[in-house]
Amino acid sequence: MFPAAALFALSYLAVSYGQQVGTNTAETHPSLQWQTCTAPGACTNVAGSVVLDANWRWLHSTSGYTNCYTGNTWDATLCPDAQTCATNCALDGADYTGTYGVTTSGNALTLKFVTNGANKNVGSRLYLLADASHYQEFKLLNREFSFDVDVSQLPCGLNGALYFSEMAADGGASAYPTNKAGAKYGTGYCDSQCPRDLKFIDGLANVAGWTPDSNSANSGKGNWGSCCNEMDIWEGNSISEAVTPHPCNVIGQTECTGTDCSGGMCDPAGCDFNSYRMGNTTFYGPGSGFTIDTTKKITAITQFFTADGTDTGTLSEIRRIYIQNNVVVQNSVVNIPGIDPLNSITEQFCTEQKTVFGDTNTFEQKGGLAAMGQAFGRGMVLVLSIWDDYAVNMLWLDSDYPTTADPTAPGVARGTCSTSSGAPADVEANSPNAQVIYSNIKFGPIGSTYNTGSTSSSSSVSHSSTTTSSSSKSTTTTSSTKSTTTTTSSSKSTTTTTSSSKTTTTSTTSTKTSSSNGASQTKWGQCGGIGYTGPTACSGSTCTYSNPYYSQCL
Ligand SMILES: *[C@@H]1O[C@H](CO)[C@@H](O)[C@H](O)[C@H]1NC(C)=O
């Protein structure tokens, strides 16, 4: 997520967690197949599975069924302090479907928004597992990640988020021996908002300073937060969507206190690319009038280029490509005076965006793309979630934000949702059946997860925008955090399996396609790249190499 720590309003119901393990419900991880690829069409199935985050689980006494945490408060007897609580309390297994609205089928994962089991559960957050007690680690440098997403049932105020956090593969079990649950029970979460709503951090209960949230019956915040590098591949609903790197100046999951939790260790704002915010209001949205129609399934490919083209180089560019109806569509081009009309995230894009939008460049302060890339080199855990926003109603994603700023000022408008939309009480009451479906996850060297030749890719982008001065207004950047609400537990069982086999081969491909016709591309349009079949000549501009997959008329 996007922004701020305050946003992390998770709510877990009458649940309590311990870092011991409860046995009321067997923990059976739903299976989720995904693929590693070496070249287009050359992909290998991996039999993975997913696990629900610990914060959503029932936390009860190890000796029985007394809640350690009820509503948004800790039991004073079982949890007088961090260590005693960790000893007295156990996290139980999850009834994925009945309690949390989580189902898998083949390579698809469906997350329902509100589930009324024994209690009301709101949202969920899951991690991809490599085996029963370890998360799958992804090393993203010089790779691409692709998946399909159905956001058609995600209205204003909801967020289907698929992202990477630099969590420990074992959920912190080996580093913090009081954590007996580990990745098998979804422990060890962290992100760039340094969430303080986590009930346990580093194997100890976050009871000190715990303050129930005023607007949520299920969540609160303790003195400790949990920080780490975060790469938001996708935060979106049917109205808006953003890709956002959020670097930190710490390595791996790191506990914080005080101001370190609010921007001291990490960049909670990030450097976001939201097409609407970057000046293209018709690129992404519901209906055939949009380039990417959110009423239908979307394939999103995200590429992570290094400056020297190696797996150990410095991260230099993050590029998004879409496929819909078999047509490959390049990301929209920036259409904001003062920002170069390009369509990917680079250090220069971030710097210009911060300047023109009047935002403090916390992205650069925390190390920018280079720091993000170092985390990619160490390995990241895949997070899949659905949430509503108890802090700022998701307005940073899909509306005008800050709400008090002039909506015509650069960077303020992010989507067409009303500034009065997105309140959790409203969306939970009015859209309980909202859901997101993630499927067809693929990972491999750049260019390996999709057929670049799909259909066309020559959307001649012509823009009228000329670079001009900028103007700064002040705009606060985004922020928000994931939220959720949960409930009790109850048991059911589901069988799952795990195992994995990675295959990562570097494939080298290099084919420049030249167009067969004599047409020429307009300024800002694509004019080359592997798999590209459109015009390679530029009218009134020069075809400029960006990376092996993309050249642009500039
Ligand atoms: C939005 O993006 C589409 C697809 O790239 C393009 O055809 C259209 O001209 C863009 N609109 C603006 C205002 O930039």
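Trainee: Is C79 buried or exposed?
Mentor: C79 is buried, because its relative accessible area is 6% and the cut-off for buried is under 20%. Keep in mind that this is a predicted model.

Trainee: What about C85, buried or exposed?
Mentor: C85 counts as buried, at 0% relative accessibility.

Trainee: What joins C79 to C85?
Mentor: A disulfide, with an S to S distance of 2.1 Å. The torsion about that S-S bond is about 55°, so the disulfide is right-handed.

Trainee: How many disulfides are there?
Mentor: The count comes to 11. One of them pairs C190 with C228, sulfur atoms 2.1 Å apart.
Trainee: Where do C190 and C228 sit?
Mentor: C190 is in the loop between β16 and β17, and C228 is in the loop between β21 and β22.

Trainee: Is the C538 and C553 disulfide left-handed or right-handed?
Mentor: Left-handed, because the torsion about the S-S bond is about -80°. C538 lies in strand β34 and C553 in strand β36, so the pair ties together parts 15 residues apart in sequence. Both cysteines, C538 and C553, are buried.

Trainee: New topic. Where is A108?
Mentor: A108 is in strand β9, which covers residues 108-112. A108 counts as buried, at 17% relative accessibility.
Trainee: Which residues is A108 in contact with, leaving aside neighbours within four places in sequence?
Mentor: L32, T103, I437, Y438 and S439.
Trainee: And what separates the C-alpha atoms of A108 and V149?
Mentor: A distance of 9.4 Å, with the two residues 41 apart along the chain.

How values were computed
Residues numbered from 1 in each chain as written. Predicted model: local features only at pLDDT ≥ 70, side-chain atom pairs only at ≥ 80, totals over all residues. Heavy atoms only, no water. Helix = DSSP H or I, 4+ residues; strand = E, 2+ residues; numbered from the N terminus. Buried < 20%, exposed > 50% of the residue type's maximum accessible area, 1.4 Å probe, protein only. Contact = heavy atoms within 4.5 Å. Disulfide = S-S within 2.5 Å.
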